[in-house]
Every structure is written in structure tokens, then in C-alpha cells.
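I opened my notebook to jot down what I looked up in this model. Here is what I was working from.

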Amino acid sequence: MEGGGAKVVMLTGSVLLLLPVVVFVTCFMFWPGRLIKAYNWFWRRRLGLSVRFCDVGSFRFCYWTRGTPGGAPSLLLLHGFSANKDMWLPVVKFVHTLGLTRFHLVGASMGGNLAGVYAARFPEDLSSVTMVCPAGLETLQDTDFVKRLKEMETQRNQDQDQDQDQREDQSIALIPTSVPQLQEMLNLCCYKPLNLPTQMKKGLLQNRLPHTTFYRHLFECISAEDSRHSLEKNLHLISVPVQVVWGQQDQVLHVSGASVITAALPHSQVELLENCGHSVALERPRKLATLISNFLSAQEVTHGNAHKKNS
């Protein structure tokens with residue numbers, strides 16, 4: 001009887017050990033998107049980040065936060081078009097979030113555009129701003145991606161009767177709807193091609209597809225004529241210290257945009273990263289975190305010296 005009982009215990013233990021493996025394999029095969037969400041959840045927990053929601057009118061914003069308001073400036077990170085807040089997880093491993101009193105604003109791509117315009121409109125809220133490969137500029141050169149967008153716009157203008165279905169048939173590299181298109185987007189945004197496992201790409205696509213309609217609507221808004229160069233129109237109004245970080249091999253927004261910013265803001269600090277594309281936070285997270293940290297430290301020293309001089 002005792003021997004039989006021992007076998008039952010061992011069998012039960014084996015089943016319990018196998019259960020997580022079975023769940024993992026099942027998710028990997030059929031719902032890889034859930035595995036990616038679980039992975040991001042794990043890193044958020046490990047980094048001490050809490051997910052919060054904020055309702056403004058008919059919109060609900062989701063964000064994560066860490067830390068409490070303190071003496072040092074807070075750090076607010078804005079993601080780029082069709083990305084999400086989890087794109088900053090690799091950077092957060094090196095940068096602490098402290099609150100939102102006289103905060104430093106960091107934005108990438110579309111978020112960089114927003115960060116710059118915000119700095120121009122509400123300088124009293126900010127201590128400084130970092131723009132990473134920001135949109136909203138008339139760059140000195142066009143990338144192939146931008147050239148393609150201009151061609152699509154010309155086609156739309158020539159065919160005023162084009163209906164919504166026809167517009168949706170026009171593929172936009174940043175809004176993939178298939179695994180091959182997702183790979184094209186990764187190749188476009190990164191200097192070195194990301195050869196991810198097929199199941200991981202399927203998971204990324206699963207998590208993006210429910211937002212495709214919103215992405216298309218948002219893209220039409222930010223690429224419209226009255227908002228396409230919104231950052232450039234507001235550059236002359238920015239009075240806070242400015243840092244610009246750009247990947248030299250950016251295939252989405254040409255690196256010559258950095259020259260547009262320095263022409264309007266000659267005292268801005270510009271960092272051009274070699275062997276880096278548009279997704280700086282993904283490709284060079286440690287370097288980006290170091291640059292931001294050093295920039296913030298320099299601002300604290302400058303502010304401290306100015307305070308001593310005034311007192």
C-alpha cells in the first residue's frame with residue numbers, strides 16, 4: 001500500500017511539473033501574442049512599474065508609472081506611432097521615474113513631435129526635452145518610406161472618389177497586416193534586420209491587428225497637410241534645454257532632420273548614433289539611457305550653478 005501511494009505522489013508531481021510546459025507550448029503554437037504580453041507583464045513587475053489608466057473625454061489613456069514625486073525632475077516617456085509604452089521597458093532598466101513636477105519630457109518619432117510641440121506651448125511645465133528621431137519636420141532629404149507616402153498622397157488627391165476600402169488597400173509599412181509585412185516593418189525600423197522566430201512575429205501581429213483601424217485613422221491625422229510639419233512650425237518657440245538623438249541609418253525619418261532642429265535651436269545638444277536606425281530605444285537602449293541620464297545631470301548642474309549665482 002505504501003509503495004502504491006508513493007507512485008501516486010510521484011505521478012501527481014510529474015503532472016504538475018508538466019502542466020506549465022504544456023501551457024507554454026500551447027500558447028506558443030496558438031496564442032503567441034499572449035506570451036509576449038506575459039513577458040512584458042513580467043518585466044513591468046520586475047522593474048516595479050504599475051499600470052494606470054486616465055480618462056480624458058471619450059479617450060482612455062493607459063500608462064505605467066514608478067516612484068513618487070520628489071526633489072528631482074520627473075521623467076515622462078512618449079512612444080512612437082503604432083508602438084506602445086512597453087517599447088521603453090529596455091530603457092527603464094537604467095532610468096528611474098520619480099513623478100511629474102517640472103518634468104523632463106522624452107518622445108520618440110511621433111512622440112518626439114508631440115514632445116517638441118508641448119515644449120513650445122507649455123515651457124513652464126518642463127525642465128528640458130529629449131526628441132528621438134522626431135516626426136513633424138521637413139527634412140533636407142526624404143527616405144524611401146517618405147517618398148512612398150508622398151506618392152500615395154498624390155494618388156489620393158488625383159482620385160477624389162477613392163472610397164474607404166480603396167484607401168485601406170494601400171499598405172502602409174508601419175501598419176502591417178500579415179507576417180511578411182511585419183518583417184518589412186522591422187527591417188524598415190531597425191538598422192540590423194531582426195530575424196525573429198515566426199511564432200514571435202505572429203504574436204506581435206496578433207497584438208497589433210485589433211488596433212489597425214485606429215492606427216490608420218491616426219496616421220491620416222498626423223500626415224495631413226496641416227499637422228505634417230507641426231514640430232518645425234513650433235521649434236522657434238521652444239525655450240527649455242533640448243536634446244536630440246537620431247540614428248544615422250534611420251530609414252523612416254531621415255537623419256537630416258537633426259540639422260533642421262539645430263538651425264532653429266543652435267544651442268540644442270545633438271547625438272547622432274552610428275549603426276542605428278529609427279528604433280533607438282530597441283536597438284540602443286543602454287546608450288539612449290546613458291545619453292538621457294547625462295543630459296539630465298548636466299541640466300541639474302547648470303540649474304544649481306544658476307541658483308547659486310542668483311542667491
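**A buried asparagine**

I started with Asn-234: its relative accessibility is 7%, so Asn-234 counts as buried, the cut-off being under 20%. The model is a predicted one, which I'm keeping in mind. I found Asn-234 in helix α10, residues 230–234. Then I checked what Asn-234 is in contact with, skipping neighbours within four places in sequence, and got Val-117, Ala-120 and Arg-121.

**The sheet**

Next I looked up the strands. There is an open sheet of 5 strands, with parallel pairing, in the order β3-β4-β5-β6-β7. At the edges I have β3 (75–78) and β7 (269–273), each pairing on one side only. From one strand to the next, the twist averages 15°.

I zoomed in on one pair: β5 (residues 126–132) and β6 (residues 242–247) run parallel and are joined by 4 bridges. There, Val-132 stands opposite Val-245 in β6.

Which strands does helix α4 touch? I noted β3, β4 and β5, and the direction of α4 (residues 110–121) makes about 145° with that of β4. Helix α11 (residues 257–264) lies across β5, β6 and β7, at about 165° to β6.

**Helix α5**

Last, I checked α5, which has 15 residues (144–158) and reaches 21 Å from first C-alpha to last, close to the 21 Å expected. Phe-145, Val-146 and Met-152 are buried in α5. Why do I put them on the same side of α5? Because they cover an arc of only 115° around the axis. Asp-144 and Gln-158, on the other side of α5, are exposed. The buried residues of α5 pack against α7 (179–189).

Notes. Residues numbered from 1 in each chain as written. Predicted model: local features only at pLDDT ≥ 70, side-chain atom pairs only at ≥ 80, totals over all residues. Heavy atoms only, no water. Helix = DSSP H or I, 4+ residues; strand = E, 2+ residues; numbered from the N terminus. Expected span 1.5 Å × (residues − 1). Buried < 20%, exposed > 50% of the residue type's maximum accessible area, 1.4 Å probe, protein only. Arc of directions from axis to C-beta. Contact = heavy atoms within 4.5 Å. Pairing = 2+ DSSP bridges. Axes fitted to C-alpha atoms, helices over the stretch in contact; angles between N-to-C directions.
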